[in-house]
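Here is a short tour of a model, chain B in particular. Please have a look at it before reading on.

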Amino acid sequence: MNCIQAQALMSAAVDNELSLKEQEGFEKHLLKCPTCFNEFKEAQKTKHIIREKITRFTAPPSLVKSILELCDSHI
Amino acid sequence: MSSSSDNKNAPEKKSILSEKDKIKQKEFQEEAIEHINALYNYALHLTMNPSDAHDLVQETYLKAYKFFSSFEKGTNCKAWLFKILKNNYINKFRKNAREPGKVDYDLIKDFYHSIKDSQSESEDLNAGYLRSLMHDEVYQAMNSLPEEFKEVIQLCDIEGFTYEEIANMVESPIGTVRSRLYRGRKILRSKLTEFASKYGYNTENEEPGEQ
């Protein structure tokens, strides 16, 4: 596997979306390529920051109420 | 003046659903309502406007209830609702849609303002969240991403969908989802470098030595 092939798998590696075979090839490449290894670590950190820092809103009670009423009217 | 009282009982709406269907519908509704916060957040990020987000979520449920029979139990209800919401959004806002890749800072600013305005009306919009959002560098970095990158990062990192689900939602092959995530995170990373060092996220790859 070369760097271009590894980059194509980078996001899937971060998200545990690689097939076993892809995973094997990817890991082998990272062991011999510090550039891709660093990039992989950075991509992991980016995901981590997003997960941790993006704020989540709660649906307003009026919306929840209207959806529940919608439910009832459909039964 | 008419002496006869007109007993205008609304005609009992005859249900065309069988008992089995009713049970299925009830099950679906119970499952669907669990995803309301996720849908609201997604709608908020798409529309940048609480009132539009409210409408979008409402329309999504209306549509979902209408087509509940096409929903299969055990399949991903959340992904299905997101897909409906996204389609609704496209149909509704396509005319005014921003060009992908262009950042409308006025829109983002408006978003913050409208969120701020609705704060007093909706006790549920957590005040602490809002304050942090106004100055949130991560949030702003996310919002400055081209739409197609922002979307996949939202669906993957925030909502936790699988690549297959995302591919289905954005109607692109999985390979495209992979590459958008790769490129999106790369852009985000450069925007967040400063943030990361400021708030102690280690951006160096070598762990600091123990001694």
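At what angle do helix α1 and helix α4 of chain B pack? In this predicted model, α1(B) (residues 19–33) and α4(B) (residues 77–93) meet at about 80 degrees, with their axes 9 Å apart. That makes the two helices roughly perpendicular, a word used for angles of 65 to 115 degrees. Helices here are DSSP runs of H or I with at least four residues, and strands are E runs of at least two. Axes are lines fitted to C-alpha atoms, for helices over the stretch in contact, and angles run from 0 to 180 degrees between N-to-C directions.

On the α1(B) side, Phe28(B), Glu31(B) and Ala32(B) make the contact (heavy atoms within 4.5 Å), and on the α4(B) side Cys77(B), Trp80(B) and Leu81(B) do. These residues divide into 5 nonpolar, no polar and 1 charged.

| Part of chain B | pLDDT |
|---|---|
| Helix α6(B), residues 127–134 | mean 49, the lowest among the elements |
| Helix α9(B), residues 163–170 | mean 92, the highest among the elements |
| Residues 1–8 | under 50 |

Residues 1–8 of chain B have 0 contacts beyond four places in sequence. For the complex, the predictor gives an ipTM of 0.87 and a pTM of 0.72.

An unreviewed UniProt entry lists residues 136–187 of chain B as "domain: RNA polymerase sigma factor 70 region 4 type"; such annotations may be inferred rather than shown by experiment. That span is 79% helix and 0% strand, and its end C-alpha atoms lie 17 Å apart.

Residues are numbered from 1 along each chain as its sequence is written, and chains are lettered from A in the order in which they are written. Local features need pLDDT of at least 70 and side-chain atom pairs 80 or more, whereas totals for chains, interfaces and linings use all residues, and side-chain values use heavy atoms, without hydrogens and water.

Key
Angles under 35 degrees count as roughly parallel, over 145 as roughly antiparallel, 65 to 115 as roughly perpendicular and the rest as oblique. Ala, Val, Leu, Ile, Met, Phe, Trp, Tyr, Cys and Pro count as nonpolar, Asp, Glu, Lys and Arg as charged, and the others, Gly among them, as polar. pLDDT is the predictor's confidence in each residue, from 0 to 100.
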